[in-house]
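Hello! Here is the structure I promised to pass on to you. Have a look at it first, and then read my notes below.

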Amino acid sequence: MATLSNYLFVSGALLLLFAFVLGVAYTTLLAVGRRTVGSPQLATAGPGGSAPAVDGPDEVPGADTLAGLAHGLTWASFLLMAGSLATRAVIVERGPWGNMYEFSIAFAVGILGGYLFVGRRYPIRTIAFIPLGVALFLAGYASTLPATIEPLVPALDNPPLLTVHVAMAMIAYGVLAVSFGAAVGYLVQGEEDRFSWLPSHKVLDDVAYRSVVIGFPIFATMIILGSYWASIAWGRYWGWDPKETSALVTWLIYAVYLHARSQPNWRGRPAALILVIGFGAVLFTYFGNLFFSGLHSYSGL
């Protein structure tokens with residue numbers, strides 16, 4: 001079954017690569033084929049100083065086909081890599097995230113799941129290549145790590161807590177990656193809706209906010225469960241371990257975002273910048289233990 005799990009992961013990663021390439025091609029085709037809303041020719045003020053209405057952008061031949069193929073491959077990649085994790089879970093009899101290889105796949109699956117979930121409600125396929133690119137990077141990183149199954153070290157040998165605690169991280173990280181993609185899209189689009197091929201700034205802002213609203217409490221639950229687990233494994237709830245500290249700082253950044261977005265002077269571009277910084281902190285929380293020694297270093301988590 002270990003061979004099957006590895007085969008499913010590799011197959012899913014390859015499909016993710018194709019989905020990413022098609023996503024980039026789709027966005028590029030729209031960017032080249034559609035008129036920009038903010039062009040000088042269209043920005044001439046009408047009577048009373050107001051900007052004239054702009055007709056909706058023309059459909060670009062072949063764009064829908066590319067978008068459909070990319071979306072279908074994204075679903076296939078998600079299902080294959082999730083199947084890889086499920087197969088591995090049967091083998092190890094716990095959540096399949098006890099080392100960096102397993103959690104890198106889980107992180108990628110979380111991002112794909114978050115994008116597919118949010119994408120059912122919002123038209124965000126033109127920015128799909130951003131979360132897909134992050135997921136592809138994680139899948140590529142996982143492919144460089146040993147896939148061997150090793151016994152858990154004593155501190156991690158708590159299957160229920162390992163399963164739930166890291167599952168919370170996988171879901172939170174995945175959804176927050178979608179907020180990152182929406183924030184980048186917002187910064188490019190601007191409040192003037194510069195580009196007709198991107199979702200409007202209101203849609204992007206709403207996607208970013210809704211994603212954080214979902215991911216923020218899950219992230220908090222992850223920290224609380226981690227603290228409880230630390231009391232069992234190490235005899236203290238909090239020890240300012242590098243990973244603990246970076247997780248707390250990351251959570252606080254998203255708390256600042258939620259507060260800032262409610263303030264008129266901080267809505268829009270400043271809030272989007274906070275989200276970019278926040279996802280940078282997510283990645284630092286994930287990879288930081290590779291550079292800073294601590295109690296989490298031995299686990300690869």
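Phenylalanine 219 sits in helix H6; helices here are DSSP runs of H or I with at least four residues, strands are runs of E with at least two, and both are numbered from the N terminus. With a relative accessible area of 2%, phenylalanine 219 is buried. Buried means under 20% relative accessible area, exposed means over 50%, and partly exposed is in between, using a 1.4 Å probe and protein chains only. The C-alpha atoms of phenylalanine 219 and tyrosine 173 are separated by 8.0 Å, although the two residues are 46 apart along the chain.

Before you go further, please keep in mind that this is a predicted model, where local features need pLDDT of at least 70 and side-chain atom pairs count only at pLDDT 80 or more, while totals for chains, interfaces and linings use all residues. Residues are numbered from 1 along each chain as its sequence is written, and side-chain values use heavy atoms, with hydrogens and water left out.

Now for the overall picture. The protein chain has eight helices and zero strands, so to read its elements from the N terminus on is to read α-α-α-α-α-α-α-α. Of the 301 residues in the protein chain, 49% are buried.

Next, how the helices pack. Two packed helices are described by the angle between their axes and the distance between the axes. The axes are lines fitted to C-alpha atoms, for helices over the stretch in contact, and the angles run from 0 to 180 degrees between N-to-C directions. How do H5 and H6 pack? Their angle is about 155 degrees, and their axes are 7 Å apart. That makes H5 roughly antiparallel to H6; angles over 145 degrees count as roughly antiparallel, under 35 as roughly parallel, 65 to 115 as roughly perpendicular, and the rest as oblique. H5 and H6 have a left-handed crossing, meaning that the near helix is turned anticlockwise from the far one by less than a right angle (clockwise would be right-handed).

Helix H1 (residues 2–33) and helix H2 (residues 63–92) can be described in these terms too: their axes come within 7 Å and cross at roughly 160 degrees. H1 is therefore roughly antiparallel to H2, and H1 passes H2 in a left-handed crossing.

H1 also holds valine 21, which is partly exposed at a relative accessible area of 46%. Together with Val10, Leu14, Leu17 and Phe18, Val21 makes a nonpolar surface patch of about 430 Å². Patches are made of residues with over 30% relative accessible area and no salt bridge; nonpolar side chains (Val, Leu, Ile, Met, Phe, Trp, Tyr) are joined within 5 Å, and like charges within 9 Å. The accessible areas come from the Shrake-Rupley method with a 1.4 Å probe, and for residues only the protein chains shown count as cover.

On to the charged pairs. Side chains of opposite charge can pair when their charged atoms come close. How many salt bridges does a search of the whole structure find? The search finds seven, each with a side-chain nitrogen of Lys or Arg within 4 Å of a carboxyl oxygen of Asp or Glu. In one of them, glutamate 102 pairs with arginine 88, and the closest N and O atoms are 2.6 Å apart. Glutamate 102 lies in helix H3 (residues 100–119) and arginine 88 in helix H2, so this pair ties together parts that are 14 residues apart in sequence. Glutamate 102 and arginine 88 are both buried.

Another salt bridge joins arginine 210 and aspartate 206, at 3.3 Å from N to O. Both residues lie in helix H6 (residues 201–233), four residues apart, which is about one turn of the helix. Arginine 210 is partly exposed at 39% relative accessibility, and aspartate 206 is partly exposed at 21%. Elsewhere, salt bridges that share partners join Arg88, Arg94 and Glu102 into one network.

Finally, two spots in the loops. Most residues other than glycine have a negative phi, and most peptide bonds are trans. Glutamate 93, in the loop between H2 and H3, has a positive phi near 60 degrees. Glutamate 93 is exposed, with a relative accessible area of 67%. Aspartate 193 has a positive phi as well, near 50 degrees, and is found in the loop between helix H5 (159–189) and H6. Is aspartate 193 exposed, partly exposed or buried? Its relative accessible area of 22% makes aspartate 193 partly exposed.

Happy exploring!
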